[in-house]
Amino acid sequence: MRITIALIGFCGALIGHWWIPVICMLVLAFRYRAWEIILLGLSIDFMWEPAAGIAASFPYFTIGAIVVVWAFEPIRSQFLS
Amino acid sequence: MRDGFTFASARGRSARRRLFIATLVVVVVLVIDVISGGMIRAKLRTFGAVLWQTSSGIHGTIFNSGYFASHRALADENTMLREQLARAEERAAAYSVLKDENDGLRALEQVVRTERGVTAPIVSSLIASPYGTFLIGAGANDVHPGDLVLTDAGFVAGTVSDVGSRTSLVNQTFAADASIDVRIAGASVVASGYGGGNARAILPRDITVKVGDAVVAPAYGGRAVGVVGNVRSDPANADQTVYIRIPVNLSSLRFVYVVTP
C-alpha cells in the first residue's frame, strides 16, 4: 500500500495535477514513517520550480514535506506504537 | 508484552533514523543541484517529459481504439467545439490586437522587423505545476533563458526560465502571484496573475476600458499578453477592476513559438 501511494504520488508529480502528490504525501505522513514523502516534495520542486538560485526560488514543497514528516511524528507514534 | 513493546520501540527508532537520513540526503541533493546549476532537475524534467509523452500516447491509443467509442465520440465532439470556440475568440482578439498594433505602427511610422524563432512542442501538462510553469521540447541549442514564448496568434504565454539539454521550463506570464507591467487602453498598470492565463488589474474609473481591448506588455516589446475579459466598476469606488485573460485555451496548445534574439 505504501509503495503504491508513493508511486501514484511520484507519477502525479511528473505528469498529473500537483494536488495528487500533495494528497499522497499527507496520507503517507499520517499512516507511515515514510521517507518517500520528502522525495515527493523534492520531485515537485525539481520538476516545476525554476532554478533561479535557492534565494529566489524557495523549495516550498521540499521544506513542506520535511515539516509534515516531522510534524506528524507524535501522532504516528500514538497510532503505530 | 514487554518484549513486544521493546520490539515496537526499536522499529520506531530505526524508522525515525531512516527519516532523519532521508532528510539529510535531500538537503545534500538540493545543495548539489544548486551548485551544479540545476543539473539534477534537468535530468528529472527530461524523464518527466518522456513519461508525459508516453502516457499521452497510451491514453490516445486506449481512447481511440473504439472501446470507449460512444462516450469518446461525445467527449471528442465537445472538446472539438470548445477548441473551435476558443480559436474563434482567439482570432477575434488577435484581430483587435493587430488593429491596435497597426494603428500604433502607422502613428509611429515604425518598421516591423521579422523575428527569428523556433517552434517547440509542449511536453508537459499545463495544469501540473504549482508554480505556473510548463515544459517545452526545446533545449540549450535552440532557446535561451528570457526568450519569449508565443501562442500561434502571437500572445506571450510566458518566458523561458531554465534551459536543459532537451527540455526547457517556461514561466507562464500570468502565473499565480506573478505581476507584470501592462498597458490597457493607454494606461500603464500592474497586472497580477492568478494562474490559468488569467490576471487582474486596477485602473482609475475614468479610463474607458471595453471587453476585448488588447493588453500589451512594454517589457515584452509591446507584445500582447492578453485581452480584457471583464470589467467590474463600482460607482462608490474611484477604481475599476479589469479582468485579463489570454484568449486561448492553454491546455489545448500543442506547440508554441519561441522568439530567439
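Predicted model: local features only at pLDDT ≥ 70, side-chain atom pairs only at ≥ 80, totals over all residues.
**Exercise 1. Find which residues of H2(A) meet which residues of H4(A), then describe how the two helices pack.**

*Solution.* Start with the residues: on the H2(A) side they are A:Met25, A:Leu26 and A:Ala29, and their counterparts in H4(A) are A:Ala65, A:Val68 and A:Val69.

Now for the geometry. Two packed helices are described by the angle between their axes and the distance between the axes. Helix H2 (residues 19-31) of chain A and helix H4 (residues 60-71) of chain A have axes that come within 9 Å and cross at roughly 25°. Angles under 35 degrees count as roughly parallel, and H2(A) and H4(A) are therefore roughly parallel to each other. Finally, the handedness: H2(A) passes H4(A) in a right-handed crossing.

**Exercise 2. Work out whether H3(A) and H4(A) are roughly parallel or roughly antiparallel, and list the residues in their contact.**

*Solution.* Begin with the axes of helix H3 (residues 36-48) of chain A and H4(A), which come within 7 Å and cross at roughly 165°. Angles over 145 degrees count as roughly antiparallel, so H3(A) and H4(A) are roughly antiparallel to each other. The crossing of H3(A) past H4(A) is right-handed.

Then collect the residues:
- H3(A) contributes A:Ile37, A:Ile38, A:Leu40, A:Gly41, A:Leu42, A:Ile44 and A:Asp45.
- H4(A) contributes A:Phe61, A:Thr62, A:Gly64, A:Ala65, A:Ile66, A:Val68 and A:Val69.

**Exercise 3. In what order do the six strands of the open sheet in chain B lie, and which strands stand at the edges?**

*Solution.* Read across the sheet: the order is S1-S12-S3-S4-S5-S2, with antiparallel pairing. Strand S1 (117-121) and strand S2 (133-136) of chain B are at the edges with a single partner strand each, so one side of each has no neighbour in the sheet. From one strand to the next, the twist averages 35°.

To zoom in on one pair, take strand S3 (residues 148-150) and strand S12 (residues 255-259) of chain B, which run antiparallel and are joined by three bridges. One residue to look up is B:Leu148, whose bridge partner in S12(B) is B:Val259.

**Exercise 4. How many residues does each chain give to the contact between chain B and chain A, and which element of chain B gives the most?**

*Solution.* Count by chain: chain B gives 32 residues and chain A gives 25. On the chain B side, the elements with two or more residues are helix H1 (2-35), helix H2 (39-63), strand S4 (156-163) and strand S5 (168-172). H1(B) gives the most, with twelve residues. The chain B side divides into 17 nonpolar, ten polar and five charged residues.

Conventions: Residues numbered from 1 in each chain as written. Chains lettered and ligands numbered in written order. Axes fitted to C-alpha atoms, helices over the stretch in contact; angles between N-to-C directions. Helix = DSSP H or I, 4+ residues; strand = E, 2+ residues; numbered from the N terminus. Parallel < 35°, antiparallel > 145°, perpendicular 65-115°, else oblique. Left-handed = near helix turned anticlockwise from the far one by under 90°. Contact = placed C-beta atoms within 7 Å. Pairing = 2+ DSSP bridges. Nonpolar A, V, L, I, M, F, W, Y, C, P; charged D, E, K, R; others polar.
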